[in-house]
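Please read the following briefing alongside the sequence and the coordinates. It takes up a ligand site and then one of the chains.

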Amino acid sequence: MSKSDTLAAAPKPKQEAVSLSGAEMVVRALKDQGVTHIFGYPGGAVLPIYDALFADNGITHVLVRHEQGATHAAEGYARSTGKPGVVLVTSGPGATNAVTGLTDALMDSIPLIVLTGQVATHLIGTDAFQEADTIGITRACTKHNWLVKDVNDLSRILHEAFQIATGGRPGPVVVDIPKDVQFKTGTYLTPDDVHHRSYRPKTEPDASAIARAVEMMAAAKRPIFYTGGGLINSGPKASQALRELASLTGFPVTSTLMGLGAFPASSPQWLGMLGMHGTYEANNAMHDCDLMVCLGARFDDRVTGRIDLFSPGSKKIHLDIDPSQINKIVRVDLGIVADAGKAITEMVKLWKAKEKKADAAGLKDWWAQIERWRAKRSLAYEDSEVLIKPQYAIDRLYALTRGRDLYITTEVGQHQMWAAQRFKFEEPNRWMTSGGLGTMGYGLPAAVGVQMAHPGALVIDIAGEASVQMTMQEMSTAVQYNLPIKIFILNNEYMGMVRQWQQLLHGGRYSHSYSEALPDFVKMAEAFGCLGLRATKPFELDAKIQEMIDSPKPVLFDCRVDATENCFPMIPSGAAHNAMILSKLSEASVSDEGKMLV
Amino acid sequence: MANERHTLTALVDNEAGILARVVGLFSARGYNIESLTVAEVDPAQSTSRITVVTSGPPQVIEQIEAQLRRLVPVHAVTNWTFATGGIEREMALVKTSGADQAAAKTAAAKFGARILDDRGQTTVFELTDSPARISSFLETMRSLGLSDVSRTGVAAISRDTA
Ligand SMILES: Cc1ncc(C[n+]2csc(CCOP(=O)(O)OP(=O)(O)O)c2C)c(N)n1
Ligand SMILES: [Mg+2]
């Protein structure tokens, strides 16, 4: 029995009832939800919706080249704007191609509304042409999903889909719409008519928890703010509140990969990213702190390293909007379930009202210790006159793009980590990367989505030569929509991150990690109608980067870098935060249990 | 940490796929299901109650509850192992066969089981009781010609007025 059949308090339209076809309702609901862009790909089961889009020019539809590209573009759009991303794909292969992006968005808490066409209701379950059990397949990779069997449920479900994708901890949702439902006529409800009957995520912090947190912070001698992507999801206010709290307390701040930009990297209180490829000072401070204040992060294994040796001597506060995250991986002394922006703002208020002072003597010693760790200069590398070092390339890219309205996306691998370590972000929403799922092929389509939302900005995908081949075809999308995205490939001719692990864990047996038979990226760019550039020597890099920036076209930049450079520092799998390797790998540094980990 | 056995109930929207969501959650995260029952409890509100008996260390049980609450159609989750005054009941249908059914009938009578069907060589009993008593009933019947069993799984409710 479907919920709507017997829904006790069936929503009643406040205004006069509007009758629309299912397909028209989709377009109307998107507009009523403030959607201006959707990313999609047509097919038989969504033709009525495409017809409705044809009749209405209020929404810009971006035609991608693969449905995975649509989902990542929508993620880039969402992450860079704070608005949900919307995707429209057909049934069967259209829906299955969207699964990677849905899973990516679920892991990184990105609000996506993915509309999938479905075969007509009377054909469901008959193995009809392009039928797939989309609801079954996407159940595990969505926050929630719906199959719409009655056109009179459609507008309600669409509005609920927006509420659920964006409410609480954001995430992807799927609305599966059979073709006959798109054709049928029914009553349209506006967003104001619809309130989900049970979904009420808690966003207001408990005053008592805030009070305890403030007391714990005032008593700390070796505190640290460990911040994450939740601060980005909460909106710019959360970043603002964090800056204020950090300046009031004087505590050091580190962040996960997903949280970069919430705190300005130019601040002296910034320790850099933490985790597997985080800085020496960030990881040692996490290990030795006496108070860890986790704000919108989730103790991911890339961050904690070996869990039984994780920050053994600290009291821990964990702020998260998702109650299931508290005590999931690490037992904490104080859990706060709330929206990050609201909770941090309350902390700031209370700290001021109570005229709290941080432990000055304790902090002085703590900062002295942090400076000793910093003095190790864990991101330093050996430069070369002959080869472009990947770190050098990132540093030049950073230097030459200063002062611009800049957005960075990445693929997955060493280049991603070097970008995270070396690019300095001052603001939230400027850094788009696949953190939880680690999806190669994310960055290029994400850049398409970002550029669509920010036409005048400089949007760069820092890529690897292997990753970029996974969604390369979206260059064509960039050309079609005049999106001058810059694909900056750190071409080391290897799946570098795989090669590094094979060197570390598998005796240098480089099984299938060499990027054989690479295309000529410059020619490929030209074939797409983009500008292709190549740099092979350090001295030519600056001019080429400048040429890339100045070009009004999409650019594919083949930056040939040292093929065997490794990404340091590194916490080997199965090791604790204070057991970082600063340079040079040896197999001995990984325990047998460590080798079992990913 | 030692495993504990817990009975959880979830009040859910009675919508297509809700059972798959709950079961999928357990399998995806590697949680145990010892028994699971589901039925509509309020047709007007279109809500169902799902009762799950699970086992795991306390931290895992806590996660199971939190993960269940995260599902959008889940209204409320109760852990009857902690709630005071929870009542758990299960029903079993038990068939015995053999030339002599007298011993089976005597033993079943001591447990308070009812005879639902009696065909001389086979008898079908019904017993509604706590899961532990049901298990000990089955244990007893095993040596008395037990040939088939069907258990409903646990249903739970509180004694409180509210
Ligand atoms: C879709 C997908 N398949 C496989 C992997 C495993 N993986 C992680 S990094 C990596 C290599 C990436 O190579 P490249 O894009 O050249 O980046 P580099 O590490 O060389 O900078 C691979 C294969 C992944 N993350 N995603
Ligand atoms: Mg590479």
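By class, which residues make up the shell around ligand 1? The shell has eight nonpolar, eight polar and one charged residues, where Ala, Val, Leu, Ile, Met, Phe, Trp, Tyr, Cys and Pro count as nonpolar, Asp, Glu, Lys and Arg as charged, and the others, Gly among them, as polar. This is a predicted model, in which local features need pLDDT of at least 70, side-chain atom pairs count only at pLDDT 80 or more, and totals for chains, interfaces and linings use all residues. Residues are numbered from 1 along each chain as written, chains are lettered from A and ligands numbered from 1 in the order in which they are written, and side-chain values use heavy atoms, leaving out hydrogens and water.

**Ligand 1**
- An oxygen atom of ligand 1 lies 3.1 Å from a polar side-chain atom of A:Glu465, and an oxygen atom of the ligand is 2.9 Å from a side-chain N or O atom of A:Asn492.
- A backbone N or O atom of A:Met497 is 2.9 Å from an oxygen atom of ligand 1.
- Helix H17 (414-422) and helix H20 (496-505) of chain A are the elements that give two or more residues to the shell, with H20(A) providing the largest share, three residues; helices here are DSSP runs of H or I with at least four residues, and strands are E runs of at least two, numbered from the N terminus.

**Chain B**
- Chain B has four helices and eight strands, which follow the pattern β-α-β-β-α-β-β-α-β-β-α-β along the sequence.
- Of its 162 residues, 41% count as buried, meaning under 20% relative accessible area (1.4 Å probe, protein chains only).

Key:
Polar contact = N/O pair within 3.5 Å; in protein donor to acceptor, adjacent residues only side chain to side chain. Buried < 20%, exposed > 50% of the residue type's maximum accessible area, 1.4 Å probe, protein only.
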